[in-house]
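Student: I have a structure open and want to go through a few parts of it. Can we start with the backbone and then look at the strands?

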Amino acid sequence: MSDPFVVVGGDAAGLSAASKCLRTDPDREVVVFEKGTWVSYAHCGTPYFVKGEVDRLSDLLSLSPAEAEERGIDLRRGHEVRAVDTDARTVTVEADDATFEHPYGNLLVATGAHAVSDPIEGATLDGVFTLHGLDHAAAIRAYLTPPEDFDVDDLGGGDALDEAVVERYGTMTPPKTVAVVGAGYVGVEMVEAFEAWGVDVHLFQRSERPVPGFGEAVGDAVTEHLRESGVTLHFGEEVRRLDGDGGHVDRVVCESGSELAVDAALVGIGIEPNTDLLDGTPVEIGESGAVATDAHGRTSVEGVYAAGDVAEMPHMVTGEPTWDPLGLPANRAGRAIGATVGGDPTPVGSVAGTAMVKAFDLECGRTGVLDHERAREAGFDPVSETITAGSRSGYYPGAAETTVTLVADRDTGRLLGGSVVGTDRAAVRIDTVATALGGQMTVGELERQDLGYAPPFSPVWDPVLVAAKVLNGSLS
């Protein structure tokens, strides 16, 4: 009986797993089914492609189809896996109007996630976009480009690009006013991208702060910086629908009844894992809605694995399963599963929700558990402190204020999470906090870490150490 390693999904987790499996076991047959045309691309770089800082779509590719095949991967684009039979160990594949069964010895479900627009009505109107793929990014940039300057070949999409849609937007008059719905990662980054094209940008968020997962200090700083950068903020406003009498969006309507005339809209209110493939199978879905997995990425069914945006992973602080749809965990889990399937059992590791986002010149980072209610649900008694300190020695040019929030457990002093915001290399400082979380350090232990010091890079007391010192004092 054939014993191939079959991977469903050709992006971060899928191709990382395929590549690692072949490096571990060069004789293994590895087949990757990808329903689309794009594979192994940097989704997080798409706002910067729209902005124009990244010139071509090809710059965002990590591994081309040709390179995948050179590694020995049987990569089949335009092949959609429609069903899984875990008893027969087969997948049903549809391609070019033909359907066939393909056996597997081990199966990795790496189907990712999709952008959601519910409950907002009108998301299918022309001029309304989500940003979850390179075709989406190309269509937005085409719409922003004056028709006389537009050339589809300049986008660098090659044979993978959906040229029909992109070229249609390339013929349209560029928008003058755009609504961005949702002030999370995508919304905040796309505000900057639209503003770079001279568009009047309006940002809508139903809560009172942007990037809610980053905590109050970061949210307040981002709010002020966005306003100073010329963005019109509509916080505390929930968008009910997008209207367009002629089939193209022309206004935003909020629950409050307020309306805004627009030429385009970007909906960035979240994503959901693509688990439909597993409907009707005994593979368990976790409470988050993503696939439940163990420490090695195995699902509840023997021989079936899941990784990336479709799967849960254990949280570094709480120990509970969590859904953390970000790039590094996807790549890391895929690589680990590839090693395991190849004969070298490797854990996928845990996640802390470490993330960074850029809002114009403002850099933001977060990790661990910041929300006190969530900390209490996990059995902790949270205490937090927020400080502001210089990013470099005060006498050295370029120093800027850096705000750090740290959260710890009152009883044990264990560090639970943190956030950082500032304009001078602030975001990368969150890696110090994430590393401390990985080591299950107390705040006192973090305070005593021997971080580097030189006036161009940091003051004697790095802002993270200052925050640890202040929080440790509150615990004693």
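Student: Which residue just after α6 takes a positive phi?
Tutor: G198, with a phi of about 75 degrees. Keep in mind that this is a predicted model.

Student: And α6 itself, what length should it span, and what does it have?
Tutor: Helix α6 covers residues 185-196, and at 1.5 Å a residue its 12 residues should span 16 Å. The end C-alpha atoms are 17 Å apart, which agrees.

Student: Which residues of α6 are buried?
Tutor: G187, V188, E189, M190, V191, E192, A193 and F194.

Student: Now the strands. Why is β2 described as largely enclosed?
Tutor: Because 5 of the 5 residues in β2, residues 30-34, are buried. V30, V32 and E34 lie on one side, V31 and F33 on the other, and both faces are covered. In a regular strand the side chains alternate between the two faces of the sheet.

Student: Which strands pair with β2?
Tutor: β1, residues 5-8, pairs with β2 in the parallel sense over 4 bridges, with V8 opposite F33.

Student: Different topic. Where is Y396?
Tutor: Y396 sits in the loop between β23 (382-390) and β24 (401-409).

Student: Which nonpolar surface patch includes Y396?
Tutor: The one formed by Y395, Y396, Y453, V460 and W461, which together have about 570 Å² of accessible area.

Conventions: Residues are numbered from 1 along each chain as its sequence is written. This is a predicted model: local features need pLDDT of at least 70, side-chain atom pairs count only at pLDDT 80 or more; totals for chains, interfaces and linings use all residues. Side-chain values use heavy atoms; hydrogens and water are left out. Patches are made of residues with over 30% relative accessible area and no salt bridge: like charges are joined within 9 Å, nonpolar side chains (Val, Leu, Ile, Met, Phe, Trp, Tyr) within 5 Å. Accessible areas come from the Shrake-Rupley method with a 1.4 Å probe; for residues, only the protein chains shown count as cover. A salt bridge is a side-chain nitrogen of Lys or Arg within 4 Å of a carboxyl oxygen of Asp or Glu. Helices (H or I, at least four residues) and strands (E, at least two) are DSSP runs, numbered from the N terminus. The expected span of a helix is 1.5 Å times one less than its number of residues. Buried means under 20% relative accessible area, exposed over 50%, partly exposed in between (1.4 Å probe, protein chains only). Two strands pair if DSSP finds at least two bridges between them.
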